[in-house]
Amino acid sequence: MTALKTSKLLGGSLLASLALTLAAFAQDAAAPAAEAVAEVTAVVNKGDTAWMLVSTMAVIVMTVPGLALFYGGLVRSKNVLSVLTQVFAGFSMIALLWVAYGYTLAFNGATDGTGLSNFVGDFSKFFLAGIGPDSTTTTFSAAFLLPEMVFVIFQLTFAAITATLIVGAIAERMKFGALLAFLAIWFTFSYIPIAHMVWYSGGLLFKLGAYDFAGGTVVHINSGIAALVACLVLGPRVGYLKEPIAPHNLVLTYVGAGLLWFGWFGFNAGSNLEANGLTAIALLNTITAPAAAALAWIICEKVSRGHASALGAVTGAVAGLVAITPAAGFAGVLGAMVLGAVASAICFWAVVSLKRIFKYDDSLDVFGVHGVGGIVGALGTAIVATPALGGYALGDAAAYSMTGQFVIQLTAVAIAVVWSAVVAFVALMIVRVLFGGLRAPESAESDGLDISTHGEHAYNS
């Protein structure tokens, strides 16, 4: 087209002929170049691989010791070792189950999304069969691949922390063996199917278009609802609402919160599967959302109780981390801050008022922070992802519908809530029969699970 225009301007002169000739050469040269671009072979990028390995180790720190210390400081001194052990053993058990069958069922199988493949994968990679040093999986860019083993390990840490989050709701009163059995059953029939539905290309909610960047639905709503069901089935601790049950060491909780926040960078920013600009956005949002949430929580405390507490600050930060998880790579920086602050205020209400109204003993507020915060974050993702509000929606920004995405998010939340609740209840009923009850004897609870279950004291002085 350019050559024809040039010919008209020069009136058929020699210069016009030369222009046509040059244009023809340019077209001939451009054709192979275009073909070369189309035939680019995806490669494993060592920078992405290194980043994902670091992110994986950060999430392990987030769980052991982060979550363990956060929970350990919140219980009474006679139960601190029991909580540490439950988190440690739970992490270890889920790690093995993930390698055995978790990965193949969650991230494998048919992609046509028909029948059972909507909900779960198959056993073709049982015990990681066929996965070796040269096996690769896709990232979010066509030009880059990731060693599949790296992806396996990264997702292992997600499964492990999700199950161990539940520990906080039933702390100080559940039998150790019964807890591990419950976590194993719940992991198999709740975590795996929801992870498959949301994150696998053949999954029901993936095809629906649900947004969950790093686990608002898969991790936090899933574990938060299971935690609520578990504490309701178990009943309250001895002395609950009759005598003070105060945290024994808030310094441990503070240290645990810091480790959680650090590990969350791997959790959220690592979920981009690559080291690029969007990874930086997810990491920044993982700073600003919890920062806004921490301040929002202590403002709520100051207004309602007359003081701002250290426990409130770290709890608010965790609420903000929970809320930004599904939106980490979709929200603009302002949206992340608003989402963190709003989620923190709602979680504050859930912890302070909702629990008091219904009198359920969610020992360490797993439902109030992770369940409620996860729901707020999942629904809020539809809002903060809106391009007009500075968000980074998938696909054509002009075609994005906040209302449409909100309905999709609501559908995903509803499915996760019902699924996790039903599985948790059934799993608890099975374990109750297998172990002759779920709770430790009242005498053991009074003595403390450290000595009655594990035969040791946290503090010998």
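Contact here means heavy atoms within 4.5 Å. In this predicted model, the buried residues of helix H14 (residues 402-434) pack by that criterion against helix H6 (176-199), helix H7 (204-208), helix H8 (216-234) and helix H13 (366-384). The buried set of H14 comprises Gln405, Ile408, Gln409, Ala412, Val413, Ala416, Ser420, Val423, Ala424, Ala427, Leu428 and Val431. Helix H14 contains 33 residues and spans 47 Å between its first and last C-alpha, close to the 48 Å expected at 1.5 Å a residue. After H14 comes Gly436, which has a positive phi near 65°.

Helix H13 also meets helix H12 (residues 333-358), with the two axes coming within 9 Å and crossing at roughly 150°. Because angles over 145 degrees count as roughly antiparallel, H12 is therefore roughly antiparallel to H13. The crossing of H12 with H13 is right-handed. On the H12 side the contact involves Gly335, Leu339, Ala343, Ile346, Cys347, Ala350, Val351 and Leu354, and on the H13 side Phe367, Gly368, Val369, Val372, Gly373, Val376, Gly377, Gly380 and Val384. This contact has 12 nonpolar and 5 polar residues, with no charged residues.

Helix H10 (residues 277-305) and helix H11 (residues 310-324) form another pair, their axes coming within 7 Å and crossing at roughly 135°. H10 and H11 are therefore oblique to each other, and their crossing is right-handed. Residues of H10 in the contact include Ala289, Pro290, Trp297 and Glu301, while those of H11 include Gly312, Gly316, Gly320 and Ile324. By class, the contact of H10 with H11 divides into 11 nonpolar, 6 polar and 1 charged residue.

Key
Residues numbered from 1 in each chain as written. Predicted model: local features only at pLDDT ≥ 70, side-chain atom pairs only at ≥ 80, totals over all residues. Heavy atoms only, no water. Axes fitted to C-alpha atoms, helices over the stretch in contact; angles between N-to-C directions. Helix = DSSP H or I, 4+ residues; strand = E, 2+ residues; numbered from the N terminus. Parallel < 35°, antiparallel > 145°, perpendicular 65-115°, else oblique. Left-handed = near helix turned anticlockwise from the far one by under 90°. Nonpolar A, V, L, I, M, F, W, Y, C, P; charged D, E, K, R; others polar. Expected span 1.5 Å × (residues − 1). Buried < 20%, exposed > 50% of the residue type's maximum accessible area, 1.4 Å probe, protein only.
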